[in-house]
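Hi there,

Here is the structure I promised to pass on to you. Have a look at it first, and then read on for what I found.

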Amino acid sequence: MRDSRRRPTRLFLRVAFYLLVMMVVFVLRGQQVQPGIGFRLSNESDTVTTIRLVGRELAPNVVTRMVANYEREYPKLHVLVGDGGSVRALEAIANRQAGVGLLYRPPTAAEQKLIKDAVGDTVVYYPIALGGIAAVANAALPADSIALEDLRGMLRNEPAAGIDRLYAPDPNQGLWGAFLEGLGYEEGSVETAKVTFLKDEREVLQAVAADPASVGIASTMTLPDTLSALGLRTMRVHPDTGSVAFEPGYEQIGYGEYPLYHYLYAACLSSGSI
């Protein structure tokens, strides 16, 4: 079972920025550029380099700030940003419709094989940011915290105090797998009678807002600043050791105090050509 070891703090925008700069250079192998206005690499002349990135819905605020950093520091780079989750990002990379995709999880062996069979290449990926997996509750729910063991119990179809249902985004998005890993389970090994899967995290929040006896999971990278206005709040989570429950705050996630977390990965074809 995953422990609450210290994780690298500040594995956020600055690291994401420099790692994706490396990936852009990687992707540019084989990419044609056009004269014009935009991005300048240190060894480049007056050319525009356009790169498409898919996966904005996994970390909308991170992507917005990252692209803004690029535009400020590298005015010759033009980034086209597309929506979608992990599966759509992998499909776009495999179909050479995107140079970089964002993922909540590494590609599976089956996905790598499909991509290899389709285009003769595999996907490389790098962790670029760290987020928490928040337990989001209706403001009317009496409990303000939940233990990891209570969440495990729901996946064994056991009752949890005042909580009848768990809402989660489509497993293809990737957050569900990270959530199960944080609980020490593998996908396909749990009972999901108490779990309702929805299209995305926006629908998860809507469902919890309409259901006081429920909890939903969502990445802290996608949570709006207006949770309270939606009648929602995050719950503190009790790790398996110790008696203190922690909020999914920036430092609590980074220092490993908050027990449920996931990485955001940037991925591209290993050949780098789009």
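Among contacts between residues at least 6 apart in sequence, 76% join residues that are at least 24 apart. Please keep in mind that this is a predicted model. The chain forms eight helices and twelve strands. Of its 274 residues, 51% are buried. The accessible surface of the protein is about 12,600 Å², and carbon and sulfur atoms account for 52% of that surface.

Which residues of helix 2 are buried? They are Val62, Val63, Met66, Val67, Asn69 and Tyr70. If you look down the axis of helix 2, these buried residues fall within an arc of 155°, so they line one face of the helix. Turn to the other side of helix 2 and you will find Thr64, Arg65, Glu71 and Arg72, which are exposed.

Is Gln112 buried or exposed? Its relative accessible area is 16%, and buried means under 20%, so Gln112 counts as buried. Leaving aside residues up to four places away in sequence, Gln112 touches Pro107, Thr122, Val123 and Tyr125.

Happy exploring, and write back with any questions!

Best wishes

How values were computed: Residues are numbered from 1 along each chain as its sequence is written. This is a predicted model: local features need pLDDT of at least 70, side-chain atom pairs count only at pLDDT 80 or more; totals for chains, interfaces and linings use all residues. Side-chain values use heavy atoms; hydrogens and water are left out. Helices (H or I, at least four residues) and strands (E, at least two) are DSSP runs, numbered from the N terminus. Buried means under 20% relative accessible area, exposed over 50%, partly exposed in between (1.4 Å probe, protein chains only). Contact means heavy atoms within 4.5 Å. Accessible areas come from the Shrake-Rupley method with a 1.4 Å probe; for residues, only the protein chains shown count as cover. The arc is that of the directions from the helix axis to the C-beta atoms.
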